[in-house]
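Hello,

Here is the structure I said I would pass on. My notes follow below it.

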Amino acid sequence: MLKHHEPELKLGRNLQKMDYKELKKKKENDLHKILAESRDKLRDLRFKDANKQLKNVREIRRVRETIARALTLLNSKKQTTKNK
């Protein structure tokens, strides 16, 4: 049977590099989803790289940058809520 889930974020290629401006518009819940998907993508890329199946190694860097941006935004949102 098919289960009804929340609509997933269809990121695909956008996940590789998301600008700070794009991420800043997202809600905290969406940032957590992006972070989880980015970490999964990074893990897959590392496995492909280890098995010499990855053609574009720079993709790893782009995903790591997206993870860093998402974490930065989550931490800044957390600090702004503490200060209020």
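Helix H3 covers residues 58-83, 26 residues in total, with helices taken as DSSP runs of H or I of at least four residues, numbered from the N terminus. From first C-alpha to last, H3 reaches 38 Å, close to the 38 Å expected at 1.5 Å a residue (the expected span is 1.5 Å times one less than the number of residues).

This is a predicted model, in which local features need pLDDT of at least 70 and side-chain atom pairs count only at pLDDT 80 or more, while totals for chains, interfaces and linings use all residues. Residues are numbered from 1 along each chain as its sequence is written, and side-chain values use heavy atoms, without hydrogens and water.

Confidence: pLDDT is the predictor's confidence in each residue, from 0 to 100. The chain has a mean pLDDT of 85, and 80% of its residues reach 70 or more. Over residues 1-10 the pLDDT is below 50, and this stretch has six contacts in the model beyond near neighbours in sequence (contact: heavy atoms within 4.5 Å).

Packing: the buried residues of H3 (buried: under 20% relative accessible area, 1.4 Å probe, protein chains only) include Ile60, Val63, Ile67 and Leu74. The buried residues of H3 pack against H1 and H2.

The axes of H2 and H3 come within 9 Å and cross at roughly 155° (axes are lines fitted to C-alpha atoms over the stretch in contact; angles run from 0 to 180 degrees between N-to-C directions). H2 is therefore roughly antiparallel to H3, a term for angles over 145 degrees. Among the residues that meet, Leu31, Leu35 and Leu42 are in H2, and Ala70 and Leu73 in H3.

Regards

Notes. Helices (H or I, at least four residues) and strands (E, at least two) are DSSP runs, numbered from the N terminus. Buried means under 20% relative accessible area, exposed over 50%, partly exposed in between (1.4 Å probe, protein chains only). Angles under 35 degrees count as roughly parallel, over 145 as roughly antiparallel, 65 to 115 as roughly perpendicular and the rest as oblique.
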